[in-house]
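Colleague: Could you take a close look at how the helices pack in this one, and walk me through what sits around that packing?

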Amino acid sequence: MIESLAALASASSKTASVFGTGEFGLALPGVRQTAPAAGAATFGDLMSQVAGQMRDTVKTGEAAAISGIQGKASTQSVVEAVMSAEQTLQTAVAIRDKVVAAYLEIVRMAI
Amino acid sequence: MIDPLAASSRIAGAGMGAQSERMRVISENIANAQSTGQTAGSDPYIRKTITFRTALDRASGTAAVAVREMGEDKAPFKVEYDPGNPAADQNGNVKLPNVNMLIEMADMREANRSYEANLQMIKQTRSMVASIIELLRP
């Protein structure tokens, strides 16, 4: 039982490192914890990074739209900037949703 | 390494930019199809041409397109007998621009079609990216 739990925990930490979260900081009683790698991003770091990236892309799109309205940029470049902002935003939101869902899944795990 | 789909979007954008420039040149030619010279016997508007070249997109390392140069058509001018025109020479002949409306219209169609093809490329790329992101959604 303990071995299978440990395997599950290490598997989940591997999955988490795919998303760049590293350790979730879960303390499973009686299960040997692997020491988090130095400089590994925590879940909070990831969330703030995603939020910052979203803010930056939205800002870029807005700046492009404003310069387009002022006639400084061509319609095409405005559309391109807004489209790329939208795409980055959608990717970030989708990844965030997935990571939060994974996190909740682990939180709800019956021990 | 840049995302190939993002790169293809950028390349298609470069293609649309090039065709926009081409449309600008064609509209200049059509607008100036009757522009004669300022003084008697002087040359009229010379038809402009545009050529494209492959441009390396440094950000993605891919082959995009750019305008090579804006040239001038070396075809001879049309000459019409019109002594009343201020640009007429002493024999009453006026030099008219070497712009052929039929050629300009054909060029315009071609630029339009090429623009549409690049636009379709962007649309397709966008839908592919959207569908791969859709995989993440529950």
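Modeller: Let's start inside chain A of this predicted model, where helix H2(A), residues 43-69, packs on H3(A) with the axes 9 Å apart and an angle of about 165° between them. An angle over 145 counts as roughly antiparallel, and H2(A) and H3(A) are therefore roughly antiparallel to each other. The crossing is left-handed where H2(A) passes H3(A). Sort the residues of that contact by class and you get 16 nonpolar, 8 polar and 1 charged.

H3(A) also has a partner across the chain boundary, namely helix H2(B), residues 101-134. Their axes come within 10 Å and cross at roughly 15°. That makes H3(A) roughly parallel to H2(B), since angles under 35 degrees fall in that class. The crossing of H3(A) and H2(B) is left-handed too. On the H3(A) side the residues involved are Met83(A), Gln87(A), Gln90(A), Thr91(A) and Ala94(A). They meet Arg126(B), Val129(B) and Ile133(B) in H2(B). By class, this helix pair brings together 4 nonpolar, 3 polar and 1 charged residues.

Zooming out to the whole contact of the two chains, 10 residues come from chain A and 10 residues from chain B. The side of chain A that touches chain B splits into 4 nonpolar, 4 polar and 2 charged residues.

The model scores ipTM 0.73 and pTM 0.72. Chain A averages a pLDDT of 71, with 64% of its residues at 70 or above (at least 70). Within chain A, H3(A), residues 75-107, has the highest confidence, at a mean of 88. At the other end of the scale is helix H1(A), residues 2-19, where the mean is 43 and confidence is lowest. The pLDDT is below 50 over residues 1-36 of chain A, and that stretch has 36 contacts in the model beyond near neighbours in sequence.

Chain B averages a pLDDT of 91, and 99% of its residues score at least 70. Among the elements of chain B, H2(B), the partner of H3(A), has the highest mean pLDDT, at 95. The lowest mean in chain B belongs to strand E2(B), at 91.

That strand is worth a quick stop while we're in chain B. Lys48(B) stands opposite Glu72(B) in E2(B), and Ile50(B) has Met70(B) as its bridge partner. E1(B) and E2(B) form a hairpin with 4 residues between them. In the turn, Gly61(B) has a positive phi of about 70°.

Note on methods:
Residues are numbered from 1 along each chain as its sequence is written. Chains are lettered from A and ligands numbered from 1 in the order in which they are written. This is a predicted model: local features need pLDDT of at least 70, side-chain atom pairs count only at pLDDT 80 or more; totals for chains, interfaces and linings use all residues. Two residues are in contact if their C-beta atoms, placed from the backbone, lie within 7 Å. Ala, Val, Leu, Ile, Met, Phe, Trp, Tyr, Cys and Pro count as nonpolar, Asp, Glu, Lys and Arg as charged, and the others, Gly among them, as polar. Two strands pair if DSSP finds at least two bridges between them. Helices (H or I, at least four residues) and strands (E, at least two) are DSSP runs, numbered from the N terminus. pLDDT is the predictor's confidence in each residue, from 0 to 100. Axes are lines fitted to C-alpha atoms, for helices over the stretch in contact, and angles run from 0 to 180 degrees between N-to-C directions. Angles under 35 degrees count as roughly parallel, over 145 as roughly antiparallel, 65 to 115 as roughly perpendicular and the rest as oblique. A crossing is left-handed if the near helix is turned anticlockwise from the far one by less than a right angle, and right-handed if clockwise.
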